[in-house]
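Open the model in your viewer and keep the selection panel at hand. We will go from stop to stop, with a short note on what to look for at each.

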Amino acid sequence: MPVTLDDRLVVAISSRALFDFEEENRLFESSDDRAYMRVQLDRVEQPAPPGVAFSLVRKLLAFNPPAGQEFADRPVVEVVILSRNDPVSGLRVFRSAKHYGLPIERGVFTRGASPWRYLKPLKAQLFLSAHEADVRSALEAGVPAARVLPHAARASGAHPDEVRIAFDGDAVLFSDEAEQVFQRGGLQAFQTHERDRAATPLAAGPFKPLLQALQRLQSAGAAAQRDGRPAMRLRTALVTARSAPAHERAIRTLMDWQIEVDEALFLGGLEKGAFLAEFEPDFFFDDQPRHVENAAPHVPAGHVAAGIAGG
């Protein structure tokens, strides 16, 4: 039988999103790739520090059955390195993954060329990268993607057995239909528009497929627990600037999709950072740069360059 990644949550991630290569990247940007390659090769046995998305990746991989233990279930998560690094620098990436016990077997290294075109054959359902152009290309191709902020805070260690992910609503989980109304007519027009359409589901945003895949992952974890096996849990949150009465359409949209979230924060324009600090996500996705920057001192955060306010 041919090898396939069907029925898995496939996460493609750049080396800078998974590991902290900011020192090496400054050398790359100020010199040339050969100097960068030499440094990475000199440090090949030196594990790179964890990056912004490290906790998310480590916890998602923990949904898989333990290595060497035979279960009827197949692995449910696959993480693939998709990097502008050169193949030589890729040696350090794989060595670092092994050091931290991350079972990552696949990688694509393109030496400066955009790697996003490999997302389609990988059937990736999430792409995380520090390179904005690659993220925008992935979103245009229909793949949920976010530009990680390398300076963002690292995830809390308070929830070792639970993946926590927070999403903005409009232009992330939902389309930017309502955001367009807000941009044109202001808050009152937005509230009226959403109140009048409370029973009409919003169109899907770029991250709906990921939320659906996470719900299937959550079911796999619950099945493992019923079988008496150690299992990871998943907790999701909708963190949105919406407030009543516009909250109802968001909730009813999720109900129509038959997707559940564990927490919903309708903040009515309040800054999100302090609330996210309390939720302690492994990652937060938002389309508006100011919300991402506000969250970054508190939690791992990524910018979804989608919609009218996506920058």
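Which residue takes a positive phi just after H10? Select Gln-258: its phi is about 60°. Before moving on, note that this is a predicted model, in which local features need pLDDT of at least 70 and side-chain atom pairs count only at pLDDT 80 or more, while totals for chains, interfaces and linings use all residues. Residues are numbered from 1 along each chain as its sequence is written, and side-chain values use heavy atoms, with hydrogens and water left out.

**Helix H10**

Now select residues 247-257, which form helix H10. Helices here are DSSP runs of H or I with at least four residues, strands are runs of E with at least two, and both are numbered from the N terminus. Colour Arg-249, Ala-250, Thr-253, Leu-254 and Trp-257, the buried residues of H10. Buried means under 20% relative accessible area, exposed over 50%, and partly exposed in between, with a 1.4 Å probe and protein chains only. Turn the view to look down the axis: these buried residues fall within an arc of 135°, so they line one face of the helix. The arc is taken over the directions from the helix axis to the C-beta atoms.

Stay on H10 and pick Arg-252 and Glu-248, which sit four residues apart, about one turn of the helix. They form a salt bridge, with the closest N and O atoms 2.8 Å apart. A salt bridge here is a side-chain nitrogen of Lys or Arg within 4 Å of a carboxyl oxygen of Asp or Glu. Arg-252 is partly exposed at 40% relative accessible area, and Glu-248 is partly exposed at 31%.

Select Lys-59 and Asp-282, whose closest N and O atoms are 3.1 Å apart. This pair is 223 residues apart in the chain, with Lys-59 in helix H4 and Asp-282 in the loop between helix H11 and strand E9. Lys-59 and Asp-282 are both buried.

Next, select Asp-170 and Arg-242, a salt bridge at 2.8 Å between the closest N and O atoms. Asp-170 is in the loop between strand E6 and helix H8, and Arg-242 is in the loop between strand E7 and H10. Both residues are buried.

**Last stop: Gln-40**

Finish in helix H3 (residues 33-42), the place of Gln-40. At 1% relative accessibility, Gln-40 counts as buried. Leaving aside neighbours within four places in sequence, Gln-40 is in contact (heavy atoms within 4.5 Å) with Phe-21, Glu-24, Ser-89 and Arg-92.
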